[in-house]
Amino acid sequence: MKNYHTILNKFILFTGVFILASCSNLEELNKNPNGISTSEANVNLLMPSILRGYALSNLNLGYQELAGTVQHTQKDGWWTGHNQYDWGLQDWNGYYTLLRSNRYLGELADKSGSKFHMGVHLAMRGLLFGTVTDLWGDAPYTDALKGDQEGSKFEYPAYDSQETIYKGVIQDLENASKIFEAGNFVGVLPAYDLYFAGNATKWHQFTNSLLLRYAMRISSKLPDLAKKTIESVYKSGVYFKSASDDLALDYIGAAQSDSWPSAADFDQGSNFRRIKPSSTLLNKLIKDKDPRLEIWFRAVHCKWVEDNSLTVAVDPFIRKNGVLQTGTRSFSDARYLTEIGSGAKFTRHYNPKILGRTLDTSRFVGVPTALMEPSEYNLNPTPGQQLENQHVSQLADVYRGKSGGLLKARIISASEVQFILAEAALNGWAAGQAKSNYEQAVKLSLDTWGVGSRYSSFISNTDVAYAGTLKQIIEQKWISSWTNAGEAWFDYRRTGFPQLKTGPASPEPVVAVRFTYGNNEINFNAAEVNKAVDKLQVTFGGSRGKNNQWAKPWLLQGTGKPW
Amino acid sequence: MKKEIINHALWIKIMKMSLTQLVFAISFVSLCYSSVANAQDKLKTTISISLEDKSLKTILTKLEKEADVKFIYSSEVIQVERITSIKAKNQSLAVVLDAFLSPLNISFRGIEDGIVLSVKDVDPNQALDAKRAKMDVVIAADQTIKGTIIDEKGEKLPGVSISIKGTTRGTTTNSNGDYTISVPDNKATLVFSFVGYESQEVLVGNKTNLNLTLKVDNKALEEVVVTALGISREQRSLGYSVGKVKGDALRTVTQENVVNALAGRVAGVQVNQTGVVGSSTSIVIRGATSLSSDNQPLFVIDGVPVQNSMSNMRVLGDRNEVDYGNPISDLNPDDIESVSVLKGPSAAALYGSRAGNGVIIINTKKGKKGEAMSVNFSSSNVFESPYRYLDFHYKYSNGNRVGLLDERSEYWAGIELDKGNKAVQWDSPRDANGVGTPTEMRSYKDNMKNFLETGITSTNSISISGSTDKTNYKLAYTNMTHNGLIPNSDLYRNNISFSSAYDLSSKLKITTDINISRSNSNSRNSTGNRGGNPFEAVYNWSHIDVLKMKNVWRPGQEGIQQNYPENSSMDNPYFLAYHLLNGYTRDRVFGNVKAEYKLHPNVTAQLRASFDSYQENRETKIPYSYTRERKGGYHLNDLFNQESNLEFLTTFNKKFNNFNITATGGGNLMNQKSTDLYMGSAPGVGLILPNLYNISNITPIGIRYNNSIRNKAIYSVFATTSIGFKDQLYLDLTARNDWSSTLPVASRSYFYPSASLSWIASSTFNLPSYVSLLKLRGGIAQVGNDTNPYALEPVLGTDSWGNLVSNTFPGTLLNPNLRPEINSSQEFGLDLNLFNNRFRFEGTYFYEENTNQILNVQSPSSSGFNAKQINAGLISSRGWEIMIGGTPIKTQSGLTWNLDVNLTRMRTRLESLTPGMNFITLWDDNNGGAQTFVGQDIGDLYSRGYKKVNNPSSPYHNWPVLTPQGSWIPENARESRIKVGNFNPDVIIGIQSNLRYGRWNLQSSFDWRVGGQYQSFSYRYGGSNWKSQLQIDNLIQGGLYTPDQLVALLKSNPEKYIIPINGNFPRIGGYTKETGGFPIGLGTGTNFDGVFIPGVIETSPGVYKEHLGGEGTRMIQASNMFAWSYNQQVTFDADFLKMRELALSYDLPKMKGFKAATISVFTRNLILWTKANNGIDPERAFTITGSKQGDTQNIFRQGLELQNVQPWTVSYGFKLNFTL
């Protein structure tokens, strides 16, 4: 037995040494070599993703989904969300993801004592939470972004009312404004400030411009706060004043992710091809002889011609310079561009008497709102989404591009600021003269789109010349918000202008007014989101439940707007 | 002298036993002890001995002790009382025995279980007389019997024991299988027995010549299984269920991936082949028990844990999902000796964390001691041909609307085909102005058949094995070449394996196994949707002859523009097959070196270093004009994976009275390292020059690159002991403690034990003689599991905007206080063999609980985190495994039919989660997918909800409520989702049949899955694009009825005509007037492709208006109204029956120069039946994605089929195998 004991002892010793010798490495081994520890980050490096993230998502709202809602555009492929607000549940993860990094930016700014970064943090906090509540209504605010604090206390954050959030937004923006007003900042790496390259003055103008925007946003519900805020900013004189002040992020154009969303290089033009001008906007531009028309839109490839001598209802084929092209119903987009570029003119004749109805024979043709089959509009011989509709306008060729020129992610413009001041003045607040503010707003918008030289003739046109009505101010503001349609939607909800009518495919007879709370909240924060849903005022679409896109959040409740 | 024998208890026992019984008894004892090296090896043991004038018996006993061997002999033949002397110093046992026994005219021979002693045969006949003359026992010989004993193959069997029943007299056959024995009278019965063969008893009668064929005792060979740590155990001693598959069952039919060969063979094991040859094969034992992993078992090959996963997939380029096959496919099936499947944690507890999903132990073939050199060749060819395709209609051309051709469209809703209609097509002749001449529109239903080629797999291997007096060795080489069904697709594998053992001294032995393999392919096809997948591309056009696309490039634009209808949304399938190339090379080395040292006759220590390392280099080339990336792309991805284990083991074994005890203790150091390096073109940026595939051909700003490193270590100590009592009661205990680098210091050490008990009741009680075995068994165990590296501390993410790189705060809230997952299990079983083992039954019930699941679950993003790591929840799984086997036919003429059936029924339930969460998502698509609510089963499939009349008293109860536009109203809330099935089968049935007649053997294997569902997104696209025949068949041809008739018809059976069910959302109408379509306006006129959806429209709360074709019914064009938003529409039953293998083989008669030769022909994976009968193989309901799904770590979606639409194929082949 002694023998066994010796062996056992040897074994235990050997194994023990064997294991313990290496145990100390275990912790070291589990240090992640693939990323920077949260304790070692530089405050500047947090800014770009937040600033860019907001700009791109705002452009996506304003050029895609909400451009359809406010009838800047319609789509004829993948259209149900765009044209008729047939939205599923909409998550806000993108915004809270930016807010998460922004919270960390604030913590690092605090730790490093950098005032500039604190200002950026506050301004972006205001803008991001403002956008969340603009779109959805009540949302987690006070308790938001604290999931890692105090155990699991904030795991399922409670919702705040829109009122609380908007007040907080204005407070954040005012605090940021004060910081930037003080000037003199150190520790800023300009390359990482994608908006203003470290220029605090510009940030000051920006935050004040945002204050004007958010004050006007709440003017129906909190008129005193709105008035006080707008008058104070107006008095300071610090806000965007020239088109060169407009905050708009340039695209890089290297890859799809940093290029204009409909850049044709990346997808054979299918994203570009789906977007068509809405007849609501297009007809208004035509009527007003608006110089921005040809900046934004392109004439149809093939114009309908009314021809009472025709023996059939419609030409079976297109005509090139008047000559029937037997066998050809249409060309590909690329072929049209080449042929039209070299001077050819394409038409197709029809006889309204035989057809029994009229077609749109204009050079510029928009698609009416919420059609059942938008790709068939104006007797398209190639319905579906593989080929463009030759009888309907497309966006201007510039929107096929990747970057540069007019292709910018627009956030806020000097024109918008002037429209707000015009409205404030019309309300009788101390914000200058309504007429001159309005005219300046229109001029600034033409400047933005490179047609400032045609201001004087444009401003004298009927319906454009100052009429002293809110309707006119908001309609022009709606036009000037092209590719930033979110603002136009928020104005529509607040004022009912322009008087948008929906179309036959719309599930409800009115335009939607909010985003629905998304699956992420419904699935993982049900108790809290249900309380918020209960506070919504159902108008239309009740069969879908209260959390629908026609329900009015606090901001619209009791305003009688937009209906 | 006889008295002395009687006085010695052991010898009495031996005398009373037949030689076979003795051999079995000894082998049982030694097998319980663990892997006692076999006696052939023992012959190399160096010994010293010196004894003078002792009995032979004493000397043999001393030798047994010195060399740790057993001598097996009949005392009737060997005179053990003879007095003799022996003297040897530091000589091998073989040399000693030769010198010692030769003068005594005794020969010896090492077999598996001991050293057999027999009287030397000089001349078989004369020598026997001579021998008999030397015997003390004089036999009154009045009858002499002679004969020859052969096996079923006709080979002569030396060493067969022949005894006279009821006496101690007997003899053995000589090297020619001949024997001669004298019997007292003609009433004597001779008993013929031989290790590994079934004993036979024959009444002598008046025979003088008695030739006999002994049959292999399959049961006896199966008795021994390999368990954890490579310990060989007699199966009856195990308290838990172990599945076992013999190597030849795996080798008869060639499989490219060895895992495929296990399908249907072992109860509790589910195998799914997820795609074409070379794709990953999933193997799950006793159901998915962990939500955080892919549930694949641990593979251990010759003691080396080998890495495998179901996640060897990547998306390189836009919509180019590629499955590179799971790495276990690197193993060469021809090298396999045996496979053991350790199912439950009881069986696997010793392997630690990774054994939670079970362990598959593979032992490869080795050279054997005492075996002369032999060379084995085998060669096989398998051919694969398609025979069943998706049920698409081919009635209309591509186009979106009746009568309009649009070749760019994915819809088949254009011009009617084969009716003489003409249109200008992509390849129509054109004049100088580009104006085309209309040509006839025809359908091309054979496009897939014409596109695919016959798949051919050729496998050739050669191996050399043998031994010298101190070593044994085996060297093998295998080459596999596969040309796939898809033109230009291929797969290659080359394996070299070497194993050897070397005795450095009588106490120290070194063994090694080394495997080197290369798997590579020049082109693995994409399996994704609407991108690089050639199968989907072939199904894109109804009216284009795919063979006309063989000219891949547009003339003059070679390498720049593919040849296809301009602006198509899909690619030319030949372009994808020949030019979108996903190549890879995987070089792998695994092996081990082991030193075994005998510290004491009862104590052995061993040290083993094992290593597994592979490097996989992937290269993807995407040509210009690929629809998803017009400027092509180039991607490089290098993976490196390495695992090393250093293991130390000490084993003690001893027999005390009625107890056999074996105890093993040891420790293990495991280190893992993996790296991943990617470089390639950004989406949409592509290449500067076409056709030049090099990183320098990408603009600097368009290059994307990243790499990652992962390290992990687990250190362990473990111990096991097994105690056997009287060969009828066995108790096994194990314990292990792990220290994992991935867990926090406080909880990184975790301990887990197991215990199991086996009771051979048939040995305890005197049961009727037809009961061959009655065994009761049970076990309980616990296994801990750690997590992935770096799961404790967050690091910042990065993000770029042009050249500006920035940081982002991570969205997953980590838990720095993680605890290990704990899996506790119990299993109970009963084994019953009857009628001399001709009927066999094994039943097992198991119950497992998995707690503290480490999961990244989604959380409200408003909390600041999209996901959080939780360490909670309880998943339970329970199930039955039943194996019924039998030998219904067994005749003297050599016809034997063995039939084995195994049934498995299991369910895994989510018992609880963390507070505030009531469900878990496996994958989510279209507001449906696989999710599980607390209290429900894992694998449940859901579909988005739709608004319906919920009031049970309403006449419209359950009817869909429609929008004013006449379409279903989606209900998006999670609670509104409809449970439409579960992707796990209810019962899995495997059937193996083996019919042997002489040299002929017919074996077949069936895999039958009962129950279960899957969702087919191929049918979702197929229906939406108006391609599938199914959705045309489902249309109710409403236009053929009057409005009143129609209403009456629909109301007559709402379950059939109105209420949605799996596979169908009712629609009324047709595509043409003749097929019952309703009129609907179209541009210049009216068409008859109107359909409507039956249901009701809610006019005010609770008030409904019927929408059944009457006034106000909203018509929609047929091709535009599909229940796209509802996965229920494409949920099908997954039941299937497949004949996995059918093989006929023939063992060629012995020829000069050949030791053995076999030829076989076979077919495999023949689908005999699917319940859904829609042309889809339900096994293919695995969808590869590039990212982690739902709350899991998996990058595949189980229960979803998406363009994984290889036609059904029939494979057939032949294999030649011969040994020199």
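This is a predicted model: local features need pLDDT of at least 70, side-chain atom pairs count only at pLDDT 80 or more; totals for chains, interfaces and linings use all residues.

Visitor: How many residues does the contact take from chain A and from chain B?
Guide: Chain A puts in 92 residues and chain B 101 residues.

Visitor: And what area is buried between chain A and chain B?
Guide: About 7,900 Å². Carbon and sulfur atoms give 60% of that.

Visitor: Which residues in chain A lose the most area to chain B?
Guide: A:R100, A:Q268 and A:F524. Together they make up 9% of what that side buries.

Visitor: How many salt bridges across the interface?
Guide: Two. B:K868 forms a salt bridge with A:E155, with the closest N and O atoms 2.4 Å apart.

Visitor: How many residue pairs are in polar contact between the chains?
Guide: The count is 27, with both residues at pLDDT 80 or more.

Visitor: Which element gives the most to chain A's side?
Guide: α1(A), with ten residues. Elements giving two or more include α3 (47–69), α5 (93–112) and β4 (247–250) of chain A.

Visitor: How do the residues on that side divide?
Guide: 47 are nonpolar, 29 polar and 16 charged.

Visitor: Switching to the sheet in chain B. What's the strand order?
Guide: β50-β59-β60, an open sheet with mixed pairing. β50 (961–962) and β60 (1103–1107) are the edge strands, each pairing on one side only.

Visitor: Are β59 and β60 parallel or antiparallel?
Guide: Antiparallel, over five bridges. B:S1100 has B:V1103 of β60(B) as its bridge partner.

Key:
Residues are numbered from 1 along each chain as its sequence is written. Chains are lettered from A and ligands numbered from 1 in the order in which they are written. Side-chain values use heavy atoms; hydrogens and water are left out. Contact means heavy atoms within 4.5 Å. Buried area is the accessible area (1.4 Å probe) that two parts lose on being put together, summed over both. A salt bridge is a side-chain nitrogen of Lys or Arg within 4 Å of a carboxyl oxygen of Asp or Glu. A polar contact is a pair of N or O atoms within 3.5 Å; within protein, one must be able to donate a hydrogen and the other to accept it, and residues adjacent in sequence count only if both atoms are side-chain atoms. Helices (H or I, at least four residues) and strands (E, at least two) are DSSP runs, numbered from the N terminus. Ala, Val, Leu, Ile, Met, Phe, Trp, Tyr, Cys and Pro count as nonpolar, Asp, Glu, Lys and Arg as charged, and the others, Gly among them, as polar. Two strands pair if DSSP finds at least two bridges between them.
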